[in-house]
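Work through the exercises below with the sequence and the model at hand. Each task is followed by a solution in steps.

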Amino acid sequence: MKAIIMAGGFGTRLRPLTLGVPKPMVPMANKPMMEHVVNLLKKYGFDEILSLLYFQPEAITDYFGDGSDFGVKMHYKLAEDDFGTAGSVRNAYEDFFEGERILIISGDVLTDFDLSSVISFHEDRKADATMVLTQMQNPLSYGVVITDADGRITRFMEKPTWGEVFSDQINTGIYVLEPQVTTQIPNKEFYDFSKDLFPRMLDENQALYGCNIQGYWRDIGNVGEYTTAHQDILKGEVIIDLGYNMLKHEGSILWIGKNQNIDESVKYEGVVILGDKVSIEPDCKISNSIIGGNCIIGAKSIISNSIIWHDSVVSEQAEVTQALLMNETRVGARAKINENAIVSEGATLGDDVSIYPNVKIWPKKEVENGAVLSTSLVWGEKWNRELFTDAKVTGLGNLEITPEFAAKLGAAYGAMLGAGKTVAYSRDVSLSSRMIQRAFGAGLISAGINVKDLQTLPIPIVRFELCTGRDAGGLHIRNTPYRKDFQDIIFFSDDGQDIATSKAKSLERLFVREDFRRAKIDEVGNIEYPVRILESYREEFLKYIDVDAIRKANFKIVVDYAHGGAVDIFPAIFGELGCEVISLNAYIDPSKVSISREEKNFAMKTLSVIVKSLGANLGIMLDNNAEKIRIVDEDGVEISDQLLLLLVTDLFLSTTQAKKIAVPVLASMGVEELAEEYGVEVLRVRNDHQAMMSAKAQMNVDFVGGTRGGFIFPGFQLGADAMFAAAKILELLATTNQKFGYICEKFSDLVYISDDVPCNWRKKGQVMRNLISQTANEDRQLVDGIRILRDIGWVLIAPDREKDLFHIHAESRDKALAQKYIEEFRDKIDSMQK
């Protein structure tokens, strides 16, 4: 049987392990990862193998040769261009395996799958293509798959967000293809299995199957996965051929290579793997570790839960704990290397050196005797989890989001954009945000980026500046709303939209790699402070507002500025609109930026009292970032976010000739009722600002309404702007001569409730898979979570993107029925976890 190994990856996320070798040749239990793949293929009868190469191909060809030493016949194909995953296979297919069924597998996975059972599954179902599947607790980095009872694939989504996860069943990247499938891939064109071939096969109803197989599988995508895979090998969770003899020694298990020189006094704990020609001197202690060939461990040293590649020397009385030492490293006497540290190839650590946790030392670096290394010898420390949620980075202020972290992230962002480009940024008024902004700016200019510092101007002003086309990107730094100890760094693209997920992932990879380019000393960037942005914003703002209509209405309004940056902008605009304005909290106060929901609700009650007592037409509260708006009607009644969406949508549709609008999947069913009344089409999108902006920019919609007080009107802005929304609402009320309190009666019978259900993070994908299966016959929408439409209501079940829980939302004209929907799915989620 014939197999193709995809072995062309750079392994950038695995750096510094891949600085000197291609990713498939990184050692896994003292053998290259790809050798374990070759052994698996040979075990199940795949005796002819084609390896697709790109990065450092000679490292692979020199090691495997013609394959005879490994019991197979090995061919090689060097990439002519980047044709994508499927395109690369097609480019090589006719030269080697034309007319043959092929199995495709990555050269950088660790697995013990029974491949013969995969072939049997494929043949029994007469499949055109079979995708090997497995369960994964966190499926976000993989393609998520749904199959019917016979294994036929019915739905597939590549790298979803939590709201889009509909299963914990993922694509492992192992495929069986019949010739008619391989030949339908365009030749010498970019074509991807997950993005092009499989969606096409689903659309054309071809026989695409998923074989969910028991066994071990791990994608060695980063250093964390690499170390976890070694732990799994030591625990015996994966069946691989280590090529060593097994010995039992005083309760420990040793896998021993040839020609050892080990003193009898050495103590072992757990499982230990020792390569050929390892020398261990007296009184050492080795526990749950892997040591490569030709290594020397000096007397009285302690090696614990660590990986040491070949030809390394650890001198006497050194301690290596949960660390990774690459080839030809030298560790001095009494040195201490701590958790998650990486010492790269050829690096030398002097005597009495101490390496802090998470530090990376790049190849051939030297650390002098007695040094204490608390940061990496590249730029800085590692961020130990995924950076981005949507378009922002969120972390504990001054603990995770530190000045050092911000400077490094700024340098990475600058390197991604390229020297000589310009970035616009601003911040909220807090002192902590000022600190992080200055550090981030230092990182940017160190990469040769010129910076426009908009200081404390809110997010809509940054977006407005970016829409001019003068800047390569932008960001805003703020204290996280309603989370007092947290901060956000929000990134924008060059057109003012939230940064795309693909760009965020590219920045994240560059940040983790740490080897991005710095500018030369005479190429560092500059910081400038633009002076006419507010005037330009105000002039453009007023072009899209019916100023005369608002002036004629003689509105009396109460505005709470929440101590934010809008206080520097909006009063002048209100002056142009001729409104009588009573201003609250209309001064910048850094201590009032981070407030709790309870404090915000108290502020709304205060606003309500003042509106009613003064007989005002409206009360408006802007959030600190001037993106979202909350409203109190003329009777002092606070309008909920869902109701505000319906009121504004009703007013907008009654005064325009709109054809299409977009709302989040969480929006009230009253939107569809309004759409039917006015004859417009409704698109439901993900419940986040990025999706709202994409709908406005790419789906030809006339209006986007949010469920959190954010609105995008035609013309002026691409994103939510609370100041523009406030003015637009005044215009709509003026032109229709209506009051919010009166319009509210139209929707008074709609009942919306919500609840949260705790769910173990590891079981969220499993719960989603079961919910998808159990609701297959219901009328539902799979946009962001699962929205199920019932006769007189709906229910939405969505996993939280950051916390270990599910959100359940329900709406009906019968409160008891809405509550019943909540309880039904709360019980389902609880039982599915058990």
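## Salt bridges and a helix pair

Glutamate 269 has a relative accessible area of 39% and is therefore partly exposed. The model it belongs to is predicted.

**Exercise 1.** Find the salt-bridge partner of glutamate 269 and state the distance between the closest N and O atoms.

Solution.
- Step 1. The partner is lysine 285, with the closest N and O atoms 3.2 Å apart.
- Step 2. Glutamate 269 lies in strand E17 (residues 267–269) and lysine 285 in strand E20 (residues 285–287); at 16 residues apart, the pair links distant parts of the chain.
- Step 3. Lysine 285 has 36% relative accessibility, so it counts as partly exposed.

**Exercise 2.** Are glutamate 731 and lysine 728 buried or exposed? State also how they pair.

Solution.
- Step 1. A salt bridge joins glutamate 731 to lysine 728, and their closest N and O atoms are 3.3 Å apart.
- Step 2. Both residues sit in helix H19 (residues 722–736); because they are 3 residues apart there, about one helical turn separates them.
- Step 3. The cut-off for buried is under 20% relative accessible area. Glutamate 731 is buried, and lysine 728 is buried as well.

**Exercise 3.** Describe the salt bridge between arginine 532 and glutamate 539, and classify each residue by its accessibility.

Solution.
- Step 1. The two side chains meet at 3.7 Å, N to O.
- Step 2. The relative accessible area of arginine 532 is 47%, so this residue is partly exposed.
- Step 3. Glutamate 539 also counts as partly exposed, at 47% relative accessibility.

**Exercise 4.** How many salt bridges does the structure hold, and which residues are linked with Arg463 in a network of them?

Solution.
- Step 1. The structure holds 37 salt bridges.
- Step 2. Arg463 is linked in a network with Arg478, Asp488, Asp498 and Glu627.

**Exercise 5.** Describe how helices H1 and H2 pack, and list the residues that make the contact.

Solution.
- Step 1. Two packed helices are described by the angle between their axes and the distance between the axes.
- Step 2. For H1 (residues 33–43) and H2 (residues 57–64) the angle is about 50 degrees, and the axes are 11 Å apart.
- Step 3. H1 and H2 are therefore oblique to each other.
- Step 4. The crossing of H1 past H2 is right-handed.
- Step 5. H1 contributes Met34, Glu35 and Val38 to the contact, and H2 contributes Ile60, Tyr63 and Phe64.
- Step 6. Sorted by class, the contact of H1 with H2 has 5 nonpolar residues, 1 charged residue and no polar ones.

Notes
Residues numbered from 1 in each chain as written. Predicted model: local features only at pLDDT ≥ 70, side-chain atom pairs only at ≥ 80, totals over all residues. Heavy atoms only, no water. Axes fitted to C-alpha atoms, helices over the stretch in contact; angles between N-to-C directions. Helix = DSSP H or I, 4+ residues; strand = E, 2+ residues; numbered from the N terminus. Parallel < 35°, antiparallel > 145°, perpendicular 65-115°, else oblique. Left-handed = near helix turned anticlockwise from the far one by under 90°. Contact = heavy atoms within 4.5 Å. Nonpolar A, V, L, I, M, F, W, Y, C, P; charged D, E, K, R; others polar. Salt bridge = Lys/Arg side-chain N within 4 Å of Asp/Glu carboxyl O. Buried < 20%, exposed > 50% of the residue type's maximum accessible area, 1.4 Å probe, protein only.
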